Amino acid sequence: MENQFEEEIQQEVETSKSTMTKGLIILGLTLLMLIPIPFILNLIIERQESQENVIKEISTKWSGSQVVYGPFLQIKHNIVGKDEKGKQTISQEIIYVSANENWIDADVNNTIKRRNLYDVVVYNSKLNLKSSFPTFDKIVAEANIKPENIVDTKLVFAIKDEKGFNNKIIAKAGNKSYPLNFDDQIKFKSGEVVVVNNGYELEMPESNNVDLNFLSRSIDPKTFDYNSVILNIDIKGSNSLKFLPSALHTNVNLSSNWKDLKFDGYVLPSDSLITTNNKTTAQWKVYQQNPMNGQFWKNNIDFETYAFGVDFLQMNDHYDKTYRSTKYAILFIGLTFVAFFFIENRNKFNIHIVQYALVGFAICINFVLLLSISEYLGFDYAYFISAFATLGLITFFINSFLKSWKLTVRITMIILLLYLFIYSVLQLKEHALLVGSIGLFIILAIIMYYSKNIEWISKK
């Protein structure tokens, strides 16, 4: 009797050691199954880079991100002086004048351009710009320019990518029209006075400006209607549309049919977004006592610092979701192994470690399936197709050695719930962390509850 009791104790101790040993082996196997995951993540990044290259190619041919510059006034005037020997010198200086007010209405219609497997967000936009400049008398007084020394006055305007112009730009001021033409002479110079000897030949300093091609039109500074300058422009672009707060008061009213908008740049919209008729409207109201470098400026301006506007995003695209899904690999593999481990201990049978490994490989290949199918069908269809294919494979496989549909269905349902939970988290944006952490907490509680019946150590 005593020997039988000792044998039972010994058998229980051996069982506990076996359970503990297998638990540790499964833990190690789970970590080994994570080795392919970085390679899969790199594969996703490579495919995403291919997509970005296509985006750049389409942007190059269609039109890239746009920034609206101006309009400005450019005034070139002579400065008469004397050198050290008392000899008269004549130099020229270029001054730019920003508007008092800029009112910009932008109606943006976004569409998708597809090339091969990839989609790119592009847009056509109708811009209505209305500007009000200081009067001629105020300009010459504030800029300290003698009217008789004015050489040339131009109305200047530009966008970042000139391929974006859909029509000829014609400015209207008063009852007159001013067709604007490309002007390769316009450069934003350093503003230093360049001395010219014995004549009016202007030695231009090397430009530090960005590669902008400006449009301009010479105007009669004395008869030009500075109070109301109107430009109606059709432009196209991709990815983003931004503006410069180049006036004392800059007001922008932008509406877009694209739902995933990111507001970026020097300032954010001043009011809450308004959505009507499937269009989202944002408004910016910017007041600057000295817009950018001042209303009258000569030096180079870092335009990019002041630009503001909107980026048109492709939120939760299939690469982003696939990448996030793959990062949950430890949950897929770990929780599947935990389910196997609990069921085999509760039902007193043995699942070989090789069978664990094959199931782990099936889950890893699921992410490659998800990536490849999502490039053709999008993430949602790809997720369910790859998930059901993997579930079907695992179900068929485990039933072949469990020989119990009851246990097979139980394990399959656990994995199915895990896939549905991860899918729900991936659909969320701002609340993904909250829902994901709560879900993990509940899963941990369930694991702790069921682990209470496993004899990790002998109680006798």
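Biologist: Which helices each supply at least two residues of the lining of the largest pocket?

Modeller: This is a predicted model, in which local features need pLDDT of at least 70 and side-chain atom pairs count only at pLDDT 80 or more, while totals for chains, interfaces and linings use all residues. Residues are numbered from 1 along each chain as its sequence is written, and side-chain values use heavy atoms, without hydrogens and water. A pocket is an open set of 1 Å grid points where a 1.4 Å probe fits, with protein on both sides within 12 Å along at least five of seven lines, and lining residues have an atom within 4 Å of a point. With helices taken as DSSP runs (H or I, at least four residues) numbered from the N terminus, the suppliers are H6 (329-346), H9 and H10 (432-451).

Biologist: Which helix gives the largest share of that lining?

Modeller: The largest pocket has 20 lining residues, and those nearest its centre are Ile 414, Ile 443, Ile 446, Ile 447 and Tyr 450. The largest share of the lining is seven residues, and they come from H6.

Biologist: How many of the lining residues are nonpolar?

Modeller: Ala, Val, Leu, Ile, Met, Phe, Trp, Tyr, Cys and Pro count as nonpolar, Asp, Glu, Lys and Arg as charged, and the others as polar. The lining of the largest pocket has two charged and three polar residues, and its nonpolar residues number 15.

Biologist: How do H6 and H9 run, roughly parallel or roughly antiparallel?

Modeller: Their axes are 10 Å apart and they pack at about 155 degrees, an angle between N-to-C directions on a scale from 0 to 180 degrees. Angles over 145 degrees count as roughly antiparallel, so H6 and H9 are roughly antiparallel.

Biologist: What about H8 and H9: how far apart are their axes?

Modeller: H8 covers residues 379-402 and H9 covers residues 405-427. They are therefore roughly antiparallel as well, and their contact holds 19 nonpolar, six polar and one charged residue. They pack at about 160 degrees, and their axes lie apart by 9 Å.

Terms used. Angles under 35 degrees count as roughly parallel, over 145 as roughly antiparallel, 65 to 115 as roughly perpendicular and the rest as oblique.
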